[in-house]
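This report walks through selected local features of one protein model. Please keep the sequence and structure in view while reading.

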Amino acid sequence: MPDAIVIGAGPNGLVAANLLADAGWSVEVLESQPEPGGAVRSDRGVHPDYVSDLFSAFYPLAAASPVIASLGLDREGLAWSHAPRVLAHPMADGRCAVLDRLPHDTAAGLEEFAPGDGAAWTELCGVWDLLGPDIVRGLFTPFPPLVPASRLLGGIRRAGGMGLVRRLLLPVRRLGKEEFGAEAGALLLAGNALHADLPPEAAGSGGFGWLMSMLGQHHGFPVPVGGAGALTAALIRRLERRGGAVRCGTPVVEVAVRGGRAVGVRTAGGERVPARRAVLADVSAPALYGSLVGEQHLPDRLLRDLRRFQWDFATFKVDWALDSRVPWTAPQAATAGTVHLADGIDGLTAFAAQIAMGLVPEDPFLVFGQMTAADATRSPTGTESAWAYTHLPHEITGDAGGQRLTGHWEGGESEAMADRMEEVVERYAPGFRARILRRRVLAPPTLEAMDANLRGGALNGGTAALHQQLVFRPVPGTGRPETPVKGLFLASASAHPGGGVHGAPGANAARAALRRHVSTVLTVRRRRLPRAV
């Protein structure tokens, strides 16, 4: 009998398992898919000579994460690679907003758009220099992060006090107007905010866009050499060297609860796997509380709150094997690993508004990845392994593009949506479509079938909006990984601090399990002590 069962071999589950194994626990990880990794996997499914990342691809949060750093995955063979430029946002007139590797270079590029915009970017970087380390520590510390928060408050006072707090709570459209004379700087912030599901008019989207931009500015958007699967492979090698085990093709359908405590799990094949100390669930909150744990074990209030749980946007992704590099009109885009494609802030607003109305966007905002530009091992010299994703509503009521796409994604619907995305790329890179050797289309149901945590292709385990963060994640409460069932811990992106490959939800759950076990042991020992007469 293992000390702990971890449900799900995604990055959070594997981080949790590693930390428990470091503490001397025996750990077994049960994964429903035929291979481990969750949303951190790669394959050669598009073309045998091209490595494609199935889901996530660039990892600024992993680069910044003290959790990932503490695991020493370089000793397991993991290596990182960077594109010459972090991010580019080409414009219709051929100019390009660029997030470079060095703040000075980013500022110099923005200064060409409007006098003073370079200084404005430098000032935003200065705020990060004051606050960034404590923000990172706070993000990746179990809630409430008392020590990082106290240090952060001191930094905020030095960096502008309530005026700074106001700036970070602004919608990114407004923040861009206040900080920059031209749109280029605002585009860098706003495009990064929409890596989550925060449109330009959302409160806090300015702060989130600033956070992601500063992570990119100071840590880059690195990729694992050889593909996203290399990160998963390193986590598994480390775990196995410490005696942990991973079983794939083993879906868990129930958490066994006895006397209010999680005592193991039951698999789809009927196997009962006991756990001596804890069960950690790297699954979405709706899956854990709506399926795996019986309602009789959960408070009515949690079940009521769960009905208000909000997913982040659905996702539609296309992978390409290209016979040559992308022919961008803006040459700076050719050397960026990540490229944002949208017709200005107004284009981003229209895109998000159409999603809010339940419409398939007419002109989808694309996050475009050039993997060979970032890692030369991904495809033959002179070619490109590329992908792009866009967001969609979960419940589609119409098609703003006039093609009557319904969201069933059967027959020709998926191909028509992929064509719409390629038309956007073609606008900024004429001749792109002529360079396609093969493509793979991953519609929302396909993404979910490949990783059940990606409900409809939702990448972040729930919305990143303010109303479902901190103590409101996944439902109003403590913001911690403990659940109403003793010995059961939520270890997925549905828990604080949310989506992204950084390992914090898994680490928080593992540490909570370790603390709970120590507390239980001490309580038992105290009860066994002889009473004074």
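## The second largest pocket

The model is predicted. Its second largest pocket is lined by 18 residues. Leu-302, Val-475, Gly-477, Glu-482 and Pro-484 are the ones nearest the pocket centre. The space inside comes to about 280 Å³.

Helix H13, residues 300–306, contributes most to this lining, with 3 residues. Sorted by class, the lining holds 9 nonpolar, 4 polar and 5 charged residues.

## Salt bridges

There are 33 salt bridges in the structure. One of them joins the side chains of Asp-22 and Arg-242, at 2.8 Å from N to O. Asp-22 sits in helix H1 (residues 11–22), while Arg-242 sits in the loop between helix H11 (229–241) and strand E9 (245–247), so this pair ties together parts 220 residues apart in sequence. Asp-22 is partly exposed, at 39% relative accessible area. Arg-242 is also partly exposed, at 32%.

Helix H8 takes part in two further bridges, described here in turn. Arg-166 and Glu-178 meet through their side chains at 2.7 Å, N to O. Arg-166 belongs to helix H7 (residues 162–169) and Glu-178 to helix H8 (residues 172–179), so the parts they tie together are 12 residues apart in sequence. Both ends are partly exposed: Arg-166 has 43% relative accessibility, and Glu-178 has 29%. Asp-346 bridges to Arg-173, with the closest N and O atoms 3.0 Å apart. Asp-346 is in helix H14 and Arg-173 in helix H8, so this contact ties together parts 173 residues apart in sequence. Asp-346 is exposed at 52%. Arg-173 is partly exposed at 23%.

Salt bridges also form a network. Its members are Glu-415, Asp-419, Glu-422, Arg-433 and Arg-439.

## Aromatic pairs

The structure contains 12 aromatic pairs. In one, the ring centres of Phe-351 and Phe-365 are 5.9 Å apart and the planes meet at 70 degrees; the cut-off for edge-to-face is over 60, so this pair qualifies. Phe-351 lies in helix H14 (residues 344–356), and Phe-365 lies in the loop between strands E16 (359–360) and E17 (366–370), so the pair ties together parts 14 residues apart in sequence. Phe-351 and Phe-365 are both buried.

Trp-387 and Tyr-389 make a stacked pair, with 5.9 Å between centres and 5 degrees between planes. These two residues are buried as well. Elsewhere, ring pairs link Trp-320, Trp-328, Phe-368 and Phe-432 into a cluster.

## Backbone exceptions

Most residues other than glycine have a negative phi, and most peptide bonds are trans. Arg-404 lies in the loop between strand E19 (398–399) and helix H16 (413–428). Trp-409 is placed in the loop between E19 and H16 too.

Two cis peptide bonds are described next. One joins Arg-473 and Pro-474, with omega about 0 degrees. Pro-474 is in the loop between helix H17 (444–450) and strand E21 (488–490). Another joins His-496 and Pro-497, with omega about 5 degrees. Pro-497 is in the loop between E21 and helix H18 (504–528).

How values were computed
Residues numbered from 1 in each chain as written. Predicted model: local features only at pLDDT ≥ 70, side-chain atom pairs only at ≥ 80, totals over all residues. Heavy atoms only, no water. Helix = DSSP H or I, 4+ residues; strand = E, 2+ residues; numbered from the N terminus. 1 Å grid on protein atoms, 1.4 Å probe; cavity = no way out; pocket = protein on both sides within 12 Å on 5 of 7 lines; lining within 4 Å. Points joined across faces, edges and corners; volume = space filled by probe spheres on them. Nonpolar A, V, L, I, M, F, W, Y, C, P; charged D, E, K, R; others polar. Phe/Tyr/Trp six-rings, centres within 6.5 Å; stacked < 30°, edge-to-face > 60°. Buried < 20%, exposed > 50% of the residue type's maximum accessible area, 1.4 Å probe, protein only. Salt bridge = Lys/Arg side-chain N within 4 Å of Asp/Glu carboxyl O.
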